[in-house]
Amino acid sequence: MLQGSTLLLLDFITDILCADIDGKKTVRSTLESYILLVWQNRLYLYTAAAVFVGIWFSMKIALKKGFANELEEEVKTLGIAAKVIDMKDYDPDDRLADECSTKSICVFLLATYTDGQPTENAKWFCKWLEEASTDFRYGNNYLKGLRYAVFGLGNSVYDSHFNTVSKNVDKWLWKLSGVRVLSRGDGDCNVVKSRHGSLHSDFLVWKTKFLSRLQTMVAGPKACRGKCKTGGSCNNRKKPQKTDDEQAAPEQLSSEEELVESSSEEEAAGTGPDEQHPGSVIDVEDLGNMMNGMRKAKRRVEGQVDEQMKLPRLNRQKKAEEEEERREMITPALRVALTKQGYKLIGSHSGVKLCRWTKSMLRGRGGCYKHTFYGIESHRCMETTPSLACANKCVFCWRHHTNPVGTEWRWKMDPPEKILLEAVENHQNMIRQFRGVPGVRLERYQEGLKVKHCALSLVGEPIMYPEINAFLCLLHSQRISSFLVTNAQFPQEIRNLVPVTQLYVSVDASTKDSLKKIDRPLFKDFWTRFLDSLKALGEKRQRTVYRLTLVKAWNVDELKSYSELISLGQPDFIEVKGVTYCGESSASSLTMANVPWHEEVIHFVQQLVDMLPQYQIACEHEHSNCLLIAHTKFKVDGEWWTWIDYERFQELVQAYEESGGSQTFSAMDYMAKTPMWALFGASERGFDPTDTRYQRRHKTKDISGC
């Protein structure tokens with residue numbers, strides 16, 4: 001969320017520097033006149049520019065570079081003074097009514113926080129305004145004479161709360177007799193439904209209209225030559241003679257009132273000049289025309305049957321046209337932001353990035369926890385996603401919500417062949433940058449150029465990609481294993497998945513309230529989807545994993561509820577990992593205080609295992625603050641078999657595809673023995689002894705793995 005709220009003061013400065021006293025023109029001092037006019041002729045722009053992460057990066061720009069500052073600079077170019085003031089320092093009870101007696105124009109830039117609430121520094125202003133609009137002591141005319149405009153910043157994926165704050169402020173000001181100078185603008189961070197493609201584009205369009213209106217108001221009414229075509233207040237316009245009733249009608253609005261829009265958002269519907277009135281008499285000569293009209297109407301009705309026959313073909317054509325008109329998921333601003341973060345973007349909705357553990361293993365400094373738990377060769381693992389969009393806005397999102405969000409696929413779609421080809425090429429190019437780098441092992445560099453594993457967990461929700469099954473089959477055809485992570489909001493897509501080497505579901509909380517608080521899902525029925533996704537996972541025969549992320553003071557006290565969820569999905573493995581703090585973000589209140597110590601994670605896991613008779617602690621990776629709980633079926637003759645036989649998996653999945661899905665296989669068919677150093681309780685604590693562990697900050701080199 002954007003935390004800042006600002007109040008922009010725009011001051012009209014005119015050339016009136018003198019006043020008449022007793023019929024004589026007395027010139028005031030420049031300073032006195034300037035101070036007086038600054039006070040009497042000011043235009044306030046109040047902003048509460050607060051926005052979601054990640055949702056959202058473009059909204060974050062609104063704070064850093066400033067929608068308010070941007071508007072301020074534009075207004076200054078018109079020769080109108082401008083100043084930005086924090087909204088929390090503005091007391092509406094003392095000062096807002098004063099704006100009614102001046103030429104002030106209040107322009108509100110308002111964003112909507114979680115559940116339709118205003119941002120922290122705008123709460124008092126909104127609370128006061130709401131109470132004033134319903135308090136009889138203020139009266140309906142309390143803000144009569146106040147001229148204002150409102151622009152909202154929100155995300156339409158939260159349809160029930162989309163720009164709620166700006167809509168309410170607009171309504172409350174109107175109820176207190178405020179008058180709009182411009183219709184309310186709705187900025188939308190959702191690139192799919194945004195009217196102009198992005199939040200910033202929506203703001204630019206609205207800003208252009210506002211500046212145009214402002215220029216017109218400053219310029220004042222233009223001289224007229226009597227040829228007006230509009231119904232303005234022109235005395236020179238030639239007017240037709242009026243009847244007695246017409247002469248009694250109200251006079252036209254003044255030129256200044258014409259610039260002010262109606263407070264009502266409803267438009268009146270008119271009646272055409274040719275419409276017949278009820279009870280009118282029809283001449284005999286018109287009967288022929290009526291009969292012809294009836295015959296034409298009959299032919300139109302008969303033709304509707306033929307048109308219905310053409311609908312399937314037309315629908316297919318319309319669908320193809322809609323596909324062409326769909327917007328790209330990656331907007332230009334988002335492309336710049338993600339590229340700056342190190343992403344190699346593919347097409348219009350995919351990306352690949354080099355994992356830090358890939359770099360570490362190239363140097364012989366150890367692999368990730370997947371290497372310890374499942375035998376992945378980290379230097380040969382490609383981290384990618386075919387969909388940067390997600391249906392959640394988790395508080396611990398390591399991408400700070402720079403990726404787009406949505407509940408369904410509404411963007412242009414790239415073919416899976418293109419995504420895989422460019423993903424591998426980009427990954428290999430990033431590996432080639434390590435050629436000749438000191439410490440990089442030559443044999444691992446050469447192995448790293450050939451991708452063996454694909455972690456579909458980079459960012460977003462890969463299962464949203466409509467061609468995810470085709471993409472997985474392409475991976476397997478190139479003998480690349482698949483590790484797919486989903487956020488448990490798409491149960492039917494989980495059921496439709498082809499066999500995956502290992503399928504993950506993120507279980508970030510165990511109760512409905514805590515899941516809403518931590519994951520901040522977009523779906524209204526998120527809890528039903530969550531539970532159904534766990535059931536769908538339990539129906540899979542290949543390896544399945546629950547991934548639990550512990551956030552201290554958020555979800556570490558829900559042991560019993562976690563055990564019930566585990567019984568629901570019966571996963572093969574449960575990864576329990578302490579949350580990783582990725583730095584301060586306006587989209588999350590997460591701090592280092594929410595990161596549990598490794599010993600705290602161990603204590604949680606031990607308590608959880610005591611409630612699960614069919615599970616035991618199998619492995620540990622201290623460096624990642626992560627432990628693996630495994631089903632006891634993977635403990636054969638007292639030894640753990642949590643690793644994966646990747647060659648065997650490729651044989652099994654190939655047979656499955658060649659048989660059209662009739663030749664199935666299970667997780668037990670491609671398991672491999674876990675090495676001793678990877679087991680829980682080993683002295684290495686999950687660090688591969690064939691590598692060398694390095695301590696940062698000039699600490700002594702540690703080769704023990706502890």
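This text walks through a predicted protein model, from its overall make-up to single residues.

The protein contains 22 helices and 23 strands. It has 706 residues, and 50% of them count as buried. Its accessible surface is about 36,100 Å². Carbon and sulfur atoms account for 50% of that surface.

Start with helix α14, which covers residues 416–432. Nine positions can be looked up in the buried list: P416, I419, L420, A423, V424, N426, H427, M430 and I431. Seen down the axis of α14, the buried residues stay within an arc of 165°, so they line one face of the helix. An α-helix has 3.6 residues a turn, so residues three or four places apart point the same way. What does the buried side of α14 pack against? The partners are β10 (344–346), β11 (350–353), α12 (356–362), β12 (381–385), α15 (442–448) and α16 (468–477).

Helix α16 also leads to the next stop. It is part of the cover over the buried residues of α22. Others in that cover include α13 (369–374), β13 (453–456), β14 (481–486) and β22 (643–644). Helix α22 itself runs over residues 646–658 and has 13 residues. From first C-alpha to last it reaches 18 Å, close to the 18 Å expected at 1.5 Å a residue. Its buried residues are Y646, F649, Q650, L652, V653 and A655. After α22 comes G660, with a positive phi near 70°.

Now look at the rings. The structure holds 22 aromatic pairs. In one of them, F483 and Y646, the ring centres are 6.5 Å apart and the planes meet at 50°, so the pair is tilted. F483 belongs to strand β14 and Y646 to helix α22, so the pair ties together parts that are 163 residues apart in sequence. Both F483 and Y646 are buried. Elsewhere, ring pairs join F67, F151, F203, W206 and F210 into a cluster.

Charges meet rings too. K353 lies over the face of Y343, 5.0 Å from the ring centre. R529 places its charged end over the ring of F523, at 3.8 Å from the centre.

Loops deserve a look as well. V157 sits in the loop between β7 (147–154) and α5 (164–175). Is V157 buried or exposed? Its relative accessible area is 12%, so V157 is buried, the cut-off being under 20%. Leaving aside residues up to four places away in sequence, V157 touches N190, V405, G406 and L522. V157 and D188 are 31 residues apart in sequence, yet their C-alpha atoms are 9.2 Å apart in space.

R479 has a positive phi of about 60° although it is not a glycine. R479 lies in the loop between α16 and β14. Its relative accessible area is 38%, so R479 is partly exposed. R685 also has a positive phi, near 55°, in a residue other than glycine. R685 is found in the segment after β23 (671–672). At 23% relative accessibility, R685 counts as partly exposed.

Technical notes:
Residues numbered from 1 in each chain as written. Predicted model: local features only at pLDDT ≥ 70, side-chain atom pairs only at ≥ 80, totals over all residues. Heavy atoms only, no water. Helix = DSSP H or I, 4+ residues; strand = E, 2+ residues; numbered from the N terminus. Buried < 20%, exposed > 50% of the residue type's maximum accessible area, 1.4 Å probe, protein only. Areas by Shrake-Rupley, 256 points an atom, 1.4 Å probe, with all protein chains shown as cover. Expected span 1.5 Å × (residues − 1). Arc of directions from axis to C-beta. Contact = heavy atoms within 4.5 Å. Phe/Tyr/Trp six-rings, centres within 6.5 Å; stacked < 30°, edge-to-face > 60°. Lys NZ or Arg CZ within 6 Å of the ring centre and 35° of its normal.
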